[in-house]
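Please look over the sequence and the structure shown here before reading on. The report is written for someone meeting this structure for the first time.

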Amino acid sequence: MEYLPIFLQLRGAKVLLVGGGTVGTRKARLLFKAGAIVSVVAPQINPELETALQEHKGQWQARSYTQTDLDDVTLVVAATPDAAINKRISEQAKKRSIPVNVVDSPQLCTFIFPSIVDRSPLVIAISSSGRSPVLARLLRRKIEAMVPAAYGRLAEFAGRMRDRVKQHIPSESPRRIFWEQVIEGRVGEMVLAGREEQAEKQLQQQLSDTAASAHHGEVYLIGAGPGDPDLMTFKAVRLLQSADVVLYDRLVSQPIIELARRDAQRIYVGKARADHSVPQPEINQLLVDLALTGQRVVRLKGGDPFIFGRGGEEIELLEKNNIPFQVVPGITAASGAACYAGIPLTHRDYAQSVRFVTGHLKAGGSEHDWSQFRSTSETLVFYMGLAGLPVICEQLQSCGRSPDTPVALIERGTLQEQRVIVGTLATMVDIVRRENPRAPTLIIVGDVVQLHEKLAWFGNS
Ligand code: SAH
C-alpha cells in the first residue's frame, strides 16, 4: 500500500490553499464541507470561490505565496499554475511536517484526495494511488449506484443506538453479529424506508431477545475456488467477511485471505506435500475449540471443500459437538483450471464423461485399478499428481491408452502466473522434467486436450 487511507477531522482547523482557479475552487468546496477554515493566497481568484469564502468565514489574501503563509497551518493545498511555486510550497511544507497536496503532481504530495462517495456520516473514499484517477472515478460511479442514498440515515441511526446496544451486549463479537443482523434485516429496511420510530422499537425488541439467549459460535466451511478471487461465490465472500477467525491453507491465495475483515484473526494451517504444518486431527479440533468460544469461524479451503479437501472429516467432529455449521461449495481446480486453459472437460466429439482422480500415489500406484481408466471417451483429471506423473503415464499406457494420448499439465491454474504444458503420455515426463513446474498443478489426460491450442484465451497460455 503506497498511501494509508485515513479520515481527517478538520473542523475549525486552518487550511492554506495557494491558488484560486477552478481546481483550487474544487478542493476548497471539499474543505468547506469538512468544516475547515480555508485561507486562500492568490493574486486572483474565481468569483465562486470568493463568495464561498465569505460564506464559510474563510479569507483571501490577494498576493503571491510566501513561506510565512505556512505558519499555524494544519494542511496545505497547492493549486497554482506555476510548477516552480508548487514545488517550493511542497518542499517547505515537508520541512515543517505539514501534510501537502499539489494538484496533478503526485510526486510532490504527502497526501492525495481520494474519489468520494458521500453519504454522510458514511463516507467512502477510493484511490488509485495517483495512477489512474479516471479508474477511481469509474469505480466511484459503480459504488454510487450500489449504495442507496439513505445509507447516510442508516449510519446516523446506528450511531444514535450505539451506546444502548453496547450496554445490552458488552462483548464485542456477539455485538458485531447483532449489528449485522440489524443492519441487513428488518430494522435496516425500516430506516431506509424512513420509518425510524418503528425501527427503534424493533431494535429494542431484538435487543431484549438477544440478551435472553446465549451466543453460540458457528463454523463455515468455505470453498475458495482455485485461486482467482473473482471465482468465489457471493455467499463465500459474505460469510468470509463476517468471520472472527479464518483458518486457511496453502492453496488459498493472498487476495482471498485479504477479503476477511481487517481485525479477523488469521491462522495458517499449512498443507504443502511435505509440510503438514498442522495435522488434520488438530485442525478438526481447533475448529471445535474456536467455535466453542462463541466466535464465527471460517475454514477456507482451496477449490471445493468436498473434492479432495477432507472437508467431510472436519465437519464430522463439528456435528458430534453440536456446533452449527454451513458448507459453501467452491469451483474445484478441475473446472477452474480447465476453463482458464481452454480445455473443455467434456465435448461431443471427444469425451462423454470426466473423472476426478487422486494422483497422490503409493509406490507403483497400487491404490487404483488402472484398467478402469482405459476408455478413450473419458477425460481424466489428476489432482496432486505432479510427483506421481511418471507412474500415471506409465500405468495408463500399460492399461491400454495410446502413447499419443494428449496430456496437459496446468500450473497455478486461474492465477496470473498460470502456465499450461502440453505433451502426450509418451513425452510428458521428459517435458515436465525440463519445464520444472511448481505446485499446485493439475493433470488432464484425454483427447479434449487438443482443443487447448485453439481455445486458450487466458494469460500467455
Ligand atoms: N479441494 C481442492 C483440491 C485440493 S487437493 C479443489 O477442489 O480444487 C490439491 C490439489 O488440487 C493440488 O495438488 C492440485 O492438483 C489441485 N489444484 C488446486 N488448485 C489448483 C490450481 N490453482 N491450479 C492447478 N491445480 C490446482
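The paragraphs below take up the ligand, then the salt bridges, and then a surface patch.

This is a predicted model, in which local features need pLDDT of at least 70 and side-chain atom pairs count only at pLDDT 80 or more, while totals for chains, interfaces and linings use all residues. Residues are numbered from 1 along each chain as its sequence is written, and side-chain values use heavy atoms, with hydrogens and water left out.

**The ligand.** Of the 17 residues around the ligand, those that come nearest are Asp 304, Ile 307, Thr 332, Gly 413 and Thr 441, where a residue counts as near if one of its heavy atoms lies within 4 Å. By class, this shell consists of 10 nonpolar, five polar and two charged residues. A nitrogen atom of the ligand lies 2.6 Å from a backbone N or O atom of Ile 307, and a nitrogen atom of the ligand is also found 2.8 Å from a polar backbone atom of Gly 413. The protein covers 92% of the 550 Å² of accessible area that the ligand has on its own, areas being computed by the Shrake-Rupley method with a 1.4 Å probe.

**Salt bridges.** The whole structure holds 24 salt bridges, each being a side-chain nitrogen of Lys or Arg within 4 Å of a carboxyl oxygen of Asp or Glu.

| Pair | Closest N to O distance |
|---|---|
| Glu 2 and Arg 131 | 2.5 Å |
| Glu 48 and Arg 29 | 3.2 Å |

Asp 244 lies in the loop between α9 (234-241) and β9 (245-248), and Arg 261 in the loop between α10 (254-257) and β10 (265-268), so the pair ties together parts that are 17 residues apart in sequence. Asp 244 counts as buried because its relative accessibility is 8%, and Arg 261 is likewise buried, at 18%; buried means under 20% relative accessible area, exposed over 50%, and partly exposed in between. Both residues belong to a network of salt bridges that links Arg 176, Glu 180, Asp 244, Arg 261, Asp 263 and Arg 296. Glu 2, by contrast, is exposed at 52%, and Arg 131 is exposed at 58%.

**A surface patch.** Met 1, Leu 4, Ile 6 and Leu 8 make a nonpolar surface patch of about 540 Å². Patches are made of residues with over 30% relative accessible area and no salt bridge, with nonpolar side chains joined within 5 Å and like charges within 9 Å.

Conventions
Polar contact = N/O pair within 3.5 Å; in protein donor to acceptor, adjacent residues only side chain to side chain. Nonpolar A, V, L, I, M, F, W, Y, C, P; charged D, E, K, R; others polar. Buried < 20%, exposed > 50% of the residue type's maximum accessible area, 1.4 Å probe, protein only. Helix = DSSP H or I, 4+ residues; strand = E, 2+ residues; numbered from the N terminus.
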